Amino acid sequence: MTAPIAPFPSLRPRRLRRDDFTRRLVREHALSVNDLIYPVFVLDGKGRREPVPSMPGVERVSLDQLLPVAEDCVALGIPVLALFPVIDAKLKDDKGSEATNPRGLIPRVVKELKKRFPELGVLTDVALDPYTSHGQDGWLDKSGYILNDETVGQLVKQALTQAAAGVDIVAPSDMMDGRIGAIREALEAKGHIHTRIMAYSAKYASAFYGPFRDAVGSSANLGKSNKKVYQMDPGNTDEALREVAIDLAEGADMVMVKPGMPYLDIVRRVKDEFHVPTFAYQVSGEYAMLKAAAQNGWLDHDQVVMESLLAFKRAGADGVLTYFARDAARLLLNK
C-alpha cells in the first residue's frame, strides 16, 4: 500500500537532504568493498608488465607481478579476483586446446594464488576465445558457424581443469546452450561439489568489449567477424529472463549480466524475477570511457566511478566485476 502524500508545506522532501548525517540515515542503497570483484589479465613469464593502451591504468602482468596485486586485494577486503589469460600465439589453435592443459597458465596461477592467499576468492573465465586462433568462443564448422555441442564438450574439460587446480568459482562466459548443466554434472561427477558456477547468463553481443579483446589478444584473430550467432541481441530483454531461468535450472549458483551500465534494466528485471545472487560486469569499454573523460578533465574521476558503481547496486546487483575495484575500495576505506 502506498503511503498518503501530505501536501506542501506539511511535507518538505528537502528536509531529508539538509545535511550529511540525514542523507546517510535515509540512504536506500550503498556500495561496500564486499560488492567488488577485480578482473586482472595474466600472462606467462616473469617480471612482465604490459600496459593495455585502450584501458589506461590496466596492465597484463606475469604471476610474480600479480602476487602483490592479490595481496593488496586481501588488504583492501576485496572478496574475489577474476583471472583472464593472455596466451602466447604459438599455443593457440582452432580448438582452443591449451584451455584444457592442467599445466597451463591459468591452473598454475590459480594454484599459487590459493596457496599464498587462501582467503581470497578466485574466479576463472570458462571460454575459448583467448585460446583459439580465430578468436571465437567455440569450435567452427566448415562454413565458420560456431558449433554448440562440440564446444560444450571442450568447455566442460576447461572447467574441470580449473576446478582441479583449486579455483573457487568457474564463470562460463561463452553463451553456448546447455553448457551450465554439462559443467555442473561433470563437476559433481568428479567430486568438485563446492565449485561454484557464476553463469554469464545474459551476455550481449556488445560493442563495449573492444578494449578487453585488445587485452587478451583475441581482437586481431577475430578480425571483422562477430559473435552475434551466440551472444544476445542488444534489443532483447525477455530473452535475458529465459536465459537466466535456463541457467538456474541447470545448476548455476549465481548469474551475471554483461555489459553493465547500458544494461541496468536487465539487472533490475533479473533481480525482481528470480531473487538470486545477481552480478554485473562493468566492462572494458565502460572503464575506458570514464577513464578517457576523466583524463581530459571532463569528469571527476573518483565521483563518477563511485556513482557508476552505486548505480549497479540501485539496479539490484549483488556485486560488480570492475577494473575500478581497487580504486573504489580505497575510496570506501579512505585509504
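The second largest cavity of this predicted model has a volume of about 50 Å³. Here a cavity is a set of points, on a 1 Å grid over the protein atoms alone, where a 1.4 Å probe fits but cannot get out; a volume is the space filled by probe spheres set on the points, which are joined across faces, edges and corners. The model is predicted, and totals for linings use all residues, whereas local features need pLDDT of at least 70 and side-chain atom pairs count only at pLDDT 80 or more. Residues are numbered from 1 along each chain as its sequence is written, and side-chain values use heavy atoms, without hydrogens and water.

The lining of the second largest cavity (residues with an atom within 4 Å of a point) includes Ile 87, Glu 98, Tyr 131 and Gln 158. Helix H3 (105-116) and helix H4 (148-165) each contribute at least two lining residues, and H3 gives the most, with 3 residues. Helices (H or I, at least four residues) and strands (E, at least two) are DSSP runs numbered from the N terminus. By class, this lining comprises 6 nonpolar, 4 polar and 1 charged residues, where Ala, Val, Leu, Ile, Met, Phe, Trp, Tyr, Cys and Pro count as nonpolar, Asp, Glu, Lys and Arg as charged, and the others, Gly among them, as polar.

In the whole structure, 2 cavities of 30 Å³ or more were found. The largest cavity holds about 90 Å³ of space. Among its 13 lining residues, Asp 129, Lys 203, Phe 212, Lys 227 and Lys 258 are the closest to the centre. Strand S9 (196-203) and helix H6 (210-216) are the elements that give two or more residues to this lining, which divides into 4 nonpolar, 2 polar and 7 charged residues.

Terms used
1 Å grid on protein atoms, 1.4 Å probe; cavity = no way out; pocket = protein on both sides within 12 Å on 5 of 7 lines; lining within 4 Å.
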